[in-house]
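Here is a friendly briefing to read beside the model. Please keep the sequence and the coordinates open as you go through the points.

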Amino acid sequence: ARLPEILYNMAMTLERLSQTPRTAPRRAEELRGQAADHYAEYLRRNRTSPERAAIEAKIRALRPRATEP
């Protein structure tokens with residue numbers, strides 16, 4: 001039952017990786033998209049998260065820059 005926390009930690013890690021100076025711009029876009037996906041899955045599995053509004057804002061900030069498949 002720790003999957004939501006793991007998803008959240010993965011999202012944070014992917015978001016941080018996208019911000020490192022050595023990450024190529026295209027790769028950074030992919031990482032931001034993956035982070036947004038993990039945050040969204042976290043919210044889906046943890047519907048009562050007290051951080052819901054903040055995480056939804058993160059998803060909106062990450063997705064416009066995400067690469068479409």
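Accessible areas here come from the Shrake-Rupley method with a 1.4 Å probe, and for residues only the protein chains shown count as cover. On that basis, the accessible surface of the protein comes to about 4,800 Å², and 54% of this belongs to carbon and sulfur atoms. This is a predicted model, in which local features need pLDDT of at least 70 and side-chain atom pairs count only at pLDDT 80 or more, while totals for chains, interfaces and linings use all residues. Residues are numbered from 1 along each chain as its sequence is written, and side-chain values use heavy atoms, with hydrogens and water left out.

**Overall fold and dimensions**

- The protein has 3 helices and 0 strands; helices (H or I, at least four residues) and strands (E, at least two) are DSSP runs, numbered from the N terminus.
- Along the principal axes, the C-alpha atoms fill a box of roughly 35 × 20 × 20 Å.
- Of the contacts between residues at least 6 apart in sequence, 54% join residues at least 24 apart; a contact means heavy atoms within 4.5 Å.

**Burial and the core**

- Buried residues make up 33% of the 69 residues. Buried means under 20% relative accessible area, exposed means over 50%, and partly exposed lies in between (1.4 Å probe, protein chains only).
- The largest nonpolar core has 12 residues, namely L7, A11, L14, L31, A35, A36, Y39, Y42, L43, I55, I59 and L62. Helix 1 (3-18), helix 2 (25-45) and helix 3 (52-62) each give two or more residues to this core, and helix 2 provides the largest share, with 6 residues.
- A nonpolar core is a set of buried Ala, Val, Leu, Ile, Met, Phe, Trp, Tyr and Cys residues joined through side-chain atoms within 4.5 Å.
- Core residue L31 touches L14, L17, S18 and T23, not counting residues up to four places away in sequence.

- E15 is found in helix 1 and counts as buried because its relative accessibility is 14%.
- Leaving aside neighbours within four places in sequence, E15 is in contact with A35, Y39, K58 and L62.
- M10 is also found in helix 1, but M10 counts as partly exposed, at 38% relative accessibility.
- The C-alpha atoms of M10 and Y39 are separated by 8.6 Å, although these residues are 29 residues apart along the chain.

**Two residues of helix 3**

- R60 lies in helix 3 and is exposed, with a relative accessible area of 53%.
- R60 and A36 are 24 residues apart along the chain, and their C-alpha atoms are separated by 8.0 Å.
- A53 lies in helix 3 as well, and A53 is exposed with a relative accessible area of 55%.
- From A53 to R22, the C-alpha to C-alpha distance is 31 Å, and the two are 31 residues apart in sequence.

**Charges**

- The mean positions of the 14 positive and 9 negative charges are 2 Å apart.
- Lys and Arg count as positive and Asp and Glu as negative, whereas His and the chain ends are not counted. Each charge is placed at NZ of Lys, CZ of Arg, CG of Asp or CD of Glu.
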